[in-house]
Amino acid sequence: MNDSPHISDTHDAPQSRASEGNWFAAIRAVTAFQLNRLMTRPRLAMGLVGALFPAAVMFAVIRTAPISRDMTIAMIYALIPEALCVLGLLVTMCPVVADELERGTWIHVTVRPGGRQSILLGTFAAAVIWTGGVSLVALILTLLIAQPTQPIGLVVMFTILIGISCVGRAALFALPAVILPKRALIASVGVALVVEYFAGFIPAVVNQVTVSLRLRSLLVEWMEWRKDLPIEMTLFIDEYPAPVQIVAVCILVFILLATATFILNRRQFPPSVEN
């Protein structure tokens, strides 16, 4: 009798490790499946257009009049981490639940252990990888057009900003995707406008929970622009160093994904919605 707890623990540990391994394998499988769906000709063409757009805008501006290096960097920031990343994530992250409902496969997702979490996190990973890849291609093309000085440093800086933007905004769009799956795109556009681009520029506590504040603060710090900013512009920048900004984004992503997972695990769709 005294040995029974020990025997139970030795059996439970491998089962727990096996379930964790199956969970991660399911997320990898969903990620691979979603990436394969994004490799169709229409999606590739859409990605190519998105990658060419910032370079085309930069080319048009440079042909009109020469611009400074700082203005070039500000334009790249506005065109890629702020605009292109958001547009790419709207297309790839929003249909996480709606696609399953439309195909009639939602019931098969829900009956599998951990199926709901796997579809959410796998789609999240695929959206980040796809959008990040398109944004990096756009970055290289835009830098080739602009030809600024010290391009290697800019590639490193913007790669980090693109990664933070993709991860943060994908987690943000996960919430409307699970709350309003049939209206996820419209709801996500509203969230992007209200939360990221309106609340993000309010000099109050509310902007502390936005990804846009962290991105701007990182850009200003890494470009050493803080000392040259007008005093009124410092209201839109956080004074904490870069590690704090990155940790803040990680905490925000964890809270958003945990909330989306909690909601998704408790959502029930009537047969009329599923069909």
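Predicted model: local features only at pLDDT ≥ 70, side-chain atom pairs only at ≥ 80, totals over all residues.
**The salt bridges**

- The structure holds three salt bridges.
- R169 also meets E82 through their side chains, at 2.8 Å from N to O; here R169 in helix α7 is joined to E82 in helix α3, 87 residues away in the chain.
- R169 has a relative accessible area of 1%, while the value for E82 is 9%, so E82 is buried.
- D238 forms a salt bridge with R214, and their closest N and O atoms are 3.6 Å apart.
- Because D238 lies in the loop between α9 and α10 (242-266) and R214 in helix α9, this pair ties together parts that are 24 residues apart in sequence.
- D238 counts as buried at 6% relative accessibility, and R214 is buried as well, at 7%.
- Through shared partners, salt bridges join E82, R169 and E196 into one network.

**The chain as a whole**

- You will find 11 helices and zero strands in the chain.
- Of the 275 residues in the chain, 42% are buried.
- Among contacts between residues at least 6 apart in sequence, 77% join residues at least 24 apart.
- The chain exposes about 14700 Å², and 70% of that is supplied by carbon and sulfur atoms.

- Helix α8 has 15 residues and reaches 19 Å from its first C-alpha to its last, close to the 21 Å expected at 1.5 Å a residue.
- Its buried residues are A184, A187, S188, A192 and E196, and they pack against α3 (69-93), α7 (151-179) and α9.
- A nonpolar surface patch of about 650 Å² is made by L185, V189, L193, V194, Y197, F198 and F201.
- F201 belongs to the loop between α8 (184-198) and α9 (211-222), and F201 is partly exposed, with a relative accessible area of 39%.

**A look at Q34**

- Q34 is found in helix α1 (residues 4-37) and is buried, with a relative accessible area of 9%.
- The side chain of Q34 makes a polar contact with the side chain of R37, at 3.2 Å.
- Leaving aside neighbours within four places in sequence, Q34 is in contact with I119, T123 and A126.

Key
Residues numbered from 1 in each chain as written. Heavy atoms only, no water. Helix = DSSP H or I, 4+ residues; strand = E, 2+ residues; numbered from the N terminus. Buried < 20%, exposed > 50% of the residue type's maximum accessible area, 1.4 Å probe, protein only. Contact = heavy atoms within 4.5 Å. Areas by Shrake-Rupley, 256 points an atom, 1.4 Å probe, with all protein chains shown as cover. Patch = residues over 30% accessible without salt bridge, like charges linked within 9 Å, V, L, I, M, F, W, Y side chains within 5 Å. Salt bridge = Lys/Arg side-chain N within 4 Å of Asp/Glu carboxyl O. Expected span 1.5 Å × (residues − 1). Polar contact = N/O pair within 3.5 Å; in protein donor to acceptor, adjacent residues only side chain to side chain.
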